[in-house]
Amino acid sequence: MDGEKIANRVLTYVYYFYEQPKAFYGGDLRIYPTYINGDGYTIGEQFVTVEPRHNSIIFFDSRMKHEVLPVFCPSGRFEDSRFTINGWIHR
């Protein structure tokens with residue numbers, strides 16, 4: 001990906017949706033406190049966990065370290081999974 005496009009990201013968003021009742025578990029989003037110092041950054045050890053809730057969206061600073069935990073779908077059926085639409089707001 002073009003480094004300039006990544007550098008111009010300001011906000012990241014994730015929209016969650018899935019069939020109800022929920023037939024999967026996992027897929028939580030972890031966001032870590034990220035401290036920008038000049039050209040570098042420091043990542044805190046604590047984190048905030050966001051549970052994927054149907055028909056919800058979350059926005060966060062694109063510079064924040066984050067990860068998505070594995071999703072488990074016991075039925076193995078595509079329609080029972082968790083789905084997202086994600087993207088970025090650029091400056």
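Strand β1 (residues 9–17) is joined to β10 by 8 bridges, and the two run antiparallel. Within this pairing, Y13 has G87 of β10 as its bridge partner. Strands count as pairing if DSSP finds at least two bridges between them. The strands themselves are DSSP runs of E, at least two residues long, while helices are runs of H or I with at least four residues; both are numbered from the N terminus.

This is a predicted model, in which local features need pLDDT of at least 70 and side-chain atom pairs count only at pLDDT 80 or more, while totals for chains, interfaces and linings use all residues. Residues are numbered from 1 along each chain as its sequence is written, and side-chain values use heavy atoms, with hydrogens and water left out.

Now widen the view from that pair of strands. β1 and β10 belong to an open sheet of 3 strands, in the order β7-β1-β10, with antiparallel pairing. β7 (56–61) and β10 (83–90) stand at the edges. Each has a single partner strand, so one side of each is left without a neighbour in the sheet. Neighbouring strands here are turned by 20° against each other on average, direction ignored. Such angles use axes that are lines fitted to C-alpha atoms, for helices over the stretch in contact, and they run from 0 to 180 degrees between N-to-C directions. Strands of a sheet pair through backbone hydrogen bonds, either parallel or antiparallel.

Another open sheet has 3 strands in the order β6-β3-β8, and its pairing is antiparallel. The edges are held by β6 (48–50) and β8 (66–68). Each of these has a single partner strand, so one side of each lacks a neighbour in the sheet. From one strand to the next, the twist averages 20°. Look at β3 (residues 29–31). It is joined to β8 by 3 bridges, and the two strands run antiparallel. R30 has E67 as its bridge partner in β8.

Strands β4 (residues 34–37) and β5 (residues 40–43) run antiparallel and are joined by 4 bridges. Follow the pairs. T34 stands opposite I43 in β5. N37 stands opposite G40 in β5. There are 2 residues between the strands of this hairpin. In the turn, G38 has a positive phi of about 65°.

A cis peptide bond joins Q20 and P21, with omega about 5°. The loop between β6 and β7 contains N55. Phi of N55 is near 60°, a positive value in a residue other than glycine. G76 sits in the loop between β9 (71–72) and β10. With a relative accessible area of 63%, G76 is exposed. Exposed means over 50% relative accessible area, buried means under 20%, and partly exposed lies in between (1.4 Å probe, protein chains only). G76 and F24 are 52 residues apart along the chain, yet their C-alpha atoms are separated by 9.3 Å.

Turn to the helix. E4 lies in helix α1 (residues 3–7). E4 counts as exposed, at 57% relative accessibility. From E4 to E45 the C-alpha distance is 28 Å, and the two are 41 residues apart in sequence.

Finally, take the chain as a whole. Its secondary structure comes to 1 helix and 10 strands. From the N terminus on, the elements run α-β-β-β-β-β-β-β-β-β-β. The C-alpha atoms fill a box of roughly 45 × 25 × 20 Å, taken along the principal axes. Of the 91 residues, 24% count as buried. Contact means heavy atoms within 4.5 Å. Among contacts between residues at least 6 apart in sequence, 77% join residues at least 24 apart.

The chain exposes about 6,500 Å², and carbon and sulfur atoms supply 53% of that area. Accessible areas come from the Shrake-Rupley method with a 1.4 Å probe, and for residues only the protein chains shown count as cover. The chain carries 10 positive and 11 negative charges, whose mean positions are 1 Å apart. Lys and Arg count as positive and Asp and Glu as negative; His and the chain ends are not counted. Each charge is placed at NZ of Lys, CZ of Arg, CG of Asp or CD of Glu.
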